[in-house]
Structure formats: structure tokens, C-alpha cells
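Please keep the model open beside the text as you read.

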Amino acid sequence: MKIWLDGELRDAEGARVSVFDHGLTVGDGVFETIKAERGRAFALTRHLERLATSARGLGLPEPDLDEVRRGCTAVLDANPMPLGRLRITYTGGVSPLGSDRGEAGPTLVVAVSATSRRPDTTAAVTVPWTRNERGALTGLKTTSYGENVVALARAREQGASEALFANTTGALCEGTGSNIFVVLDGELHTPPLASGCLAGITRALTVAWAGAKETDLPLDVLESAEEIFLTSTLRDVQAVTRIDGRQLADEPGPVTAEAMRIFDRESAADFDPR
Ligand SMILES: Cc1ncc(COP(=O)(O)O)c(C=O)c1O
């Protein structure tokens, strides 16, 4: 396995980042997860734009997106696989052991791991913890993912693959690594970005391609929604057929199935949708 670290391709085994890297010590970093199908990165331009937005939000130096792109291509070429999780990590670099960032400059890693296509349906749970729609990191894809680690473990304990958060006002927000859509009276809705959710790339494409309204919704809409689905880079559009104790239909409902078809068709037609 080869990875990209600080400007060149290296053996994953031998590649090392400092134990004083601010990404490691305090979670001072940003990242992207990208779907790679047969060596091609889906929606790479959108992912690079979001990486830069997240970096700016965290006050990191502007990433050199040409270099990041070179790193992605090099890693994908060096590690052929049918379906991959391509991961870009960009951190504050070597720093003192506190929250002040050092002067050494950022660390950039690009790596890939093989993955398999997700099932069409899954189970999700709600968790009692909140997303903060007014936090310093709201809307940024940072490596400070401890809350998601805890929430996802709670979901796994209950046989589910995703945990869903409300924000501090009790509004439906997002999952640990996905956005949420619900069908109400036959119409598709998803929480607005003001709910504090990440601006998911799959979310944006689904809104554009399948047409969904951005609507403030209470968390308990999940108790009555006719259909529920998740979107994310590796899930695409994935139906939720069980939410907490509530069993929905066994198969994706009609609106979800249509959104899945549209997503498959449009993403196959344009691998880098702008
Ligand atoms: C917190 C969070 N919300 C939503 C998403 C979905 O975003 P995308 O569709 O860009 O993968 C992710 C990404 O994995 C995420 O980490």
C-alpha cells in the first residue's frame, strides 16, 4: 500500500507523522472522504473546495489543491481497487503540546483503503447528545470527531449503522457521517445547513438532482415520516428501514427508490459534477 505524505508517494508501512502533530494531539485538522470507483475519485472538485473551506474555517494555511489533486491521482494509480475510500487529511502540523498551533507548517496525507458497496437499506438510531449549530467548528469537516466515535458506537450496540443527532434547539440535524432526508406527505425534505449539519456533497447533489426542500424539522419527525434515507459519500442514497424501535417497510419506499435511481444515473453520467 502506498500513501502520499508531504509531497511524495511512500510505503504506508514506513510513512511517519510526528507524535507532536497538532492533528494527533488536539484534533487540529480537516479531512475529506471520497468515493473512488475503479481508480476515479467521484466529485473530486467539490471535495477539494470543501477541504479548502474547512481549512479556512479552522485557520489552517490555504491547502495547495494542485498538490492535493496530484496526491489523490498518485495514490489511486498506485493502489488499484474496484471501490476505495480515498481519504485526505490536512493538519496543523508539528506544534507545542497545547492548543496554540506551531510554525512548522501543515501535514498532508492522502491514503486509500478498499471498501465494499453498502447495502440498499440500513438501521439508524437517535442519540441523546446534540450537534451545536453555533460552534466554532460548525459546518467544518474537522478531524475532531470524538463525538461521532461515541455516537456511532452507541448505534452499533443497537445493531444500527448510523446515529442521528438533533441540534441544541431540538431540530433534526444529521448523522455521525451522513445527512438525513425524510418523506412527508409524499414530499422530500432535508434539514437546512443552519441546523448545523455538514454541507454534505451527496446531500447537495441529491437536493439538486432529486429535488428536496430544505426544512426545519423536529427530531421526532422520525417517528412519523413515511420514508427516511441517509446520504453520504460511501452510502450514496441509502434507505433507513428501522429507526430506533420503529420498523418501516422492508424495502426502500417509492420516493427513496426514485432518489436512488436518479443518484445512480446522474453520478454515472458525470463523475465530477460541479
Ligand atoms: C458529519 C457528517 N455529516 C454528513 C456527511 C456526509 O457528507 P458527504 O455526502 O459529503 O460525504 C459527512 C461525511 O462523511 C459527515 O462527516
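Before we compare helices, a word on how their axes are drawn: each axis is a line fitted to C-alpha atoms over the stretch in contact, and the angle between two axes runs from 0 to 180 degrees between N-to-C directions. With that in hand, look at α5 and helix α6 (residues 254-269), whose axes come within 10 Å and cross at roughly 100°. Angles of 65 to 115 degrees count as roughly perpendicular, and α5 and α6 are therefore roughly perpendicular to each other. On the α5 side, the contact is made by Thr 202, Leu 205, Thr 206, Trp 209 and Ala 210, while α6 brings Ala 259, Ile 262, Phe 263, Glu 266 and Ser 267. Sorted by class, the residues where α5 meets α6 are six nonpolar, three polar and one charged.

Now step back for a moment to the whole protein. This is a predicted model, and the protein has six helices and 15 strands. Its C-alpha atoms fill a box of roughly 55 × 40 × 35 Å along the principal axes. For 274 residues, a compact globule would have a radius of gyration near 19 Å, and the protein agrees with this because its own value is 19 Å.

Let's return to α5 (residues 201-211) and follow it to another partner, helix α2 (residues 44-58). These two pack at an angle of about 125°, with their axes 10 Å apart, and are therefore oblique to each other. The crossing of α2 past α5 is right-handed. Here Arg 46, His 47 and Arg 50 of α2 touch Ile 201, Ala 204 and Leu 205 of α5. That contact has three nonpolar, one polar and two charged residues.

From α2 come Leu 44, Thr 45, Leu 48, Leu 51 and Ala 52, and they meet Leu 65, Val 68, Arg 69 and Cys 72 in α3. The contact of α2 with α3 has seven nonpolar residues, one polar and one charged.

What does α2 pack on, and which strands does it touch? To answer, find the open sheet of six strands, ordered β2-β1-β6-β5-β3-β4 with antiparallel pairing. Its edges are β2 (8-11) and β4 (40-41), each of which pairs on one side only. α2 packs on this sheet, touching β3, β4 and β5 (83-91), and its direction makes about 170° with that of β3. Strand β3 (residues 29-37) is joined to β4 by two bridges in the antiparallel sense, and Glu 37 has Arg 40 in β4 as its bridge partner.

Finally, move on to strand β7 (residues 121-131), where the pairing is parallel. β7 runs parallel to strand β14 (residues 236-243), joined by four bridges; there, Ala 123 has Arg 242 of β14 as its bridge partner. Five bridges join β7 to strand β8 (residues 162-167), again in parallel, and Arg 131 is partnered by Asn 167 in β8.

Notes:
Residues are numbered from 1 along each chain as its sequence is written. This is a predicted model: local features need pLDDT of at least 70, side-chain atom pairs count only at pLDDT 80 or more; totals for chains, interfaces and linings use all residues. Side-chain values use heavy atoms; hydrogens and water are left out. Angles under 35 degrees count as roughly parallel, over 145 as roughly antiparallel, 65 to 115 as roughly perpendicular and the rest as oblique. A crossing is left-handed if the near helix is turned anticlockwise from the far one by less than a right angle, and right-handed if clockwise. Contact means heavy atoms within 4.5 Å. Ala, Val, Leu, Ile, Met, Phe, Trp, Tyr, Cys and Pro count as nonpolar, Asp, Glu, Lys and Arg as charged, and the others, Gly among them, as polar. Two strands pair if DSSP finds at least two bridges between them. The radius of gyration is taken over C-alpha atoms; the globule rule is 2.2 Å times the number of residues to the power 0.38.
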